Amino acid sequence: MPTIANAHNDLIHDAVLDYYGRRLATCSSDKTIKIFEVEGEAHKLVETLSGHEGPVWRIAWAHPKFGTILASCSYDGKVLIWKEENGKWDQIAVHAVHSASVNSVQWAPHEYGALLLAASSDGKVSVVEFKENGTTSPIVIDAHAIGVNAASWAPATVQGDSNSQQLRRFVTGGADNLVKVWKFNNDSQMYVLENTLEGHSDWVRDVAWSPSILLRSYIATVSQDHTCIIWSQENNEGSWKKTPLQAERFPDVLWRASWSLSGNILALSGGDNKVTLWKEDLEGKWEPAGEVQQ
């Protein structure tokens, strides 16, 4: 496994491979984003992007059908959009509707277009669409009164058997200890609250909607309370079932949750600097599937 040493001058907060696994983007408290070309064991720094005025928390690659595009979010309250053309990176857009730190950013399933979801400490989430001629006016939602720490799109699904209407949904996690599921209303062209999920006793640090399109939807949430909860819903409707990942609390705060592309393996990282892997057995119980050694 290749190791990239001394990539930044401060803490690294996120590292994401592009769709093809050939480029790695990293971001840091040093206010920069770095782009590496990765091939086997070799890696090469190809660009350092500067534009944020605070620590950069998260980065997200757009689907390649939209071009080589990267979104970044920062403590400075901004989301910046970067595009590479002919080997040259440029900042092509600024999304600045938030009044506090933007803590997470994620592109929607490409079937919906170039839609970006941002979550902020100002208590709001925003959805903005990027088009060739600029951006649409963003949809801004009051989501969690004391701040939104993370948000995650559901995979692209259609609603009903005969109806080909898209069921656009996402989940948010807040400093109010709540998890909320939002759904796009075609009549009002707004996102409306579908479910509020209660189960954590401290800040929800991350939320991750499983990308696999099955009869059952899965959301993993991790919290400052040292727990991970798996929420499941049958056939995209009805109530959500709550399943603690394990009976006892984890030894430290859990910061991030991430699903494999097939949606059957869950990776967790926390304050103990370990990454643990989990999978569901045939009885619906979650069991350890290994640990990533640093």
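Mentor: The largest cavity has a volume of about 80 Å³. This is a predicted model, where local features need pLDDT of at least 70, side-chain atom pairs count only at pLDDT 80 or more, and totals for chains, interfaces and linings use all residues. Residues are numbered from 1 along each chain as its sequence is written, and side-chain values use heavy atoms, without hydrogens or water.

A cavity here is a set of points, on a 1 Å grid over the protein atoms alone, where a 1.4 Å probe fits but cannot get out. Grid points are joined across faces, edges and corners, and the volume is the space filled by probe spheres set on the points. Searching the whole structure turns up one cavity of 30 Å³ or more.

Now the lining, meaning residues with an atom within 4 Å of a point. A154, P155, T157, L167 and R169 are among them. By class, the lining holds six nonpolar, four polar and two charged residues. Nonpolar covers Ala, Val, Leu, Ile, Met, Phe, Trp, Tyr, Cys and Pro; charged covers Asp, Glu, Lys and Arg; the others, Gly among them, are polar.

Residues 170-192 are 0% helix and 70% strand. Helices (H or I, at least four residues) and strands (E, at least two) are DSSP runs. The end C-alpha atoms of 170-192 are 10 Å apart. For residues 49-83, that separation is 11 Å, with 0% helix and 57% strand.

Note on methods: On a 1 Å grid over the protein atoms alone, a cavity is a set of points where a 1.4 Å probe fits but cannot get out, and a pocket is an open set with protein on both sides within 12 Å along at least five of seven lines; lining residues have an atom within 4 Å of a point.
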